[in-house]
Amino acid sequence: MAELTPELVESVWAACQAGAGEIGEALSRALDLPLEIEPGENAKCGPSRLPDPLAGPALVLILEVSGQAAVVVLPEATGVVPAWCADPDPTGRSKLATLAQELSMLCLPETVISETQQALRVPNARTAMAPGGLVNDGVLIPLHLRSNGEKRGAAYLLW
């Protein structure tokens with residue numbers, strides 16, 4: 001089983017590209033909003049190099065892999081994160097858990113297996129990720145969002 005390293009960027013991007021339709025469908029089911037995604041150009045990231053939308057509230061989906069994690073962050077600024085994500089009822093928790101599990105299979109290549117997944121809403125994604133040990137040679141892939149043909153910003157896959 002492969003570890004989450006920057007060298008996986010091409011295979012992770014290819015997995016996101018191949019699964020773009022299914023990723024959009026999974027997000028649509030969980031968030032009750034028709035969504036499509038398109039993976040963008042990957043970039044290096046680190047604690048001091050994160051996109052501005054990550055400085056605010058977000059839905060964070062953690063995909064754990066051998067003591068490491070990939071994270072999918074959906075900033076609330078996109079307008080796609082429903083208010084119920086802040087305090088989900090049992091049905092909402094189930095939807096978010098299913099979304100995290102689906103994204104672990106769709107966003108990561110087959111050689112990278114996520115053992116556990118978690119979904120939570122955080123008041124500031126940048127601050128919430130700080131204790132996770134994001135290194136300066138981390139990788140970020142934007143997942144550009146569209147709903148009914150309208151651009152809605154991006155979710156971010158990083159590790």
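In helix H1 (residues 9-18), Val9, Val12, Ala15 and Cys16 are buried, where buried denotes under 20% relative accessible area, exposed over 50% and partly exposed the range in between (1.4 Å probe, protein chains only). Viewed down the axis of H1, these buried residues fall within an arc of 130°, so they line one face of the helix; the arc is that of the directions from the helix axis to the C-beta atoms. Glu10 and Ala18, on the other side of H1, are exposed. The cover over the buried residues of H1 includes helix H2 (20-31), strand E1 (36-39), helix H3 (90-106), E6 and E7, a contact being defined by heavy atoms within 4.5 Å. Helices (H or I, at least four residues) and strands (E, at least two) are DSSP runs, numbered from the N terminus.

The structure is a predicted model, in which local features need pLDDT of at least 70 and side-chain atom pairs count only at pLDDT 80 or more, while totals for chains, interfaces and linings use all residues. Residues are numbered from 1 along each chain as its sequence is written, and side-chain values use heavy atoms, with hydrogens and water left out.

The protein chain as a whole contains four helices and seven strands. Their order from the N terminus is α-α-β-β-β-β-α-β-α-β-β. The radius of gyration of the protein chain is 14 Å, close to the 15 Å given by the globule rule for 159 residues, so the chain is as compact as a globular protein of that length. This radius is taken over C-alpha atoms, and the rule is 2.2 Å times the number of residues to the power 0.38. The C-alpha trace spans about 35 × 30 × 30 Å along its principal axes.

Of the 159 residues, 47% count as buried. Among contacts between residues at least 6 apart in sequence, 72% join residues at least 24 apart. The accessible surface comes to about 7,700 Å², and 53% of it belongs to carbon and sulfur atoms; accessible areas come from the Shrake-Rupley method with a 1.4 Å probe, and for residues only the protein chains shown count as cover. The mean positions of the 10 positive and 19 negative charges are 7 Å apart. Lys and Arg count as positive and Asp and Glu as negative, with His and the chain ends not counted; each charge is placed at NZ of Lys, CZ of Arg, CG of Asp or CD of Glu.

Asparagine 148 is exposed, at a relative accessible area of 69%.

Glutamate 7 belongs to the segment before H1 and counts as exposed at 66% relative accessibility. Glutamate 7 and leucine 54 are 47 residues apart along the chain, and their C-alpha atoms are separated by 24 Å. Proline 47, in the loop between strand E2 (43-45) and E3, counts as partly exposed at 46% relative accessibility. Proline 47 and methionine 129 are 82 residues apart in sequence, with a C-alpha to C-alpha distance of 8.3 Å.
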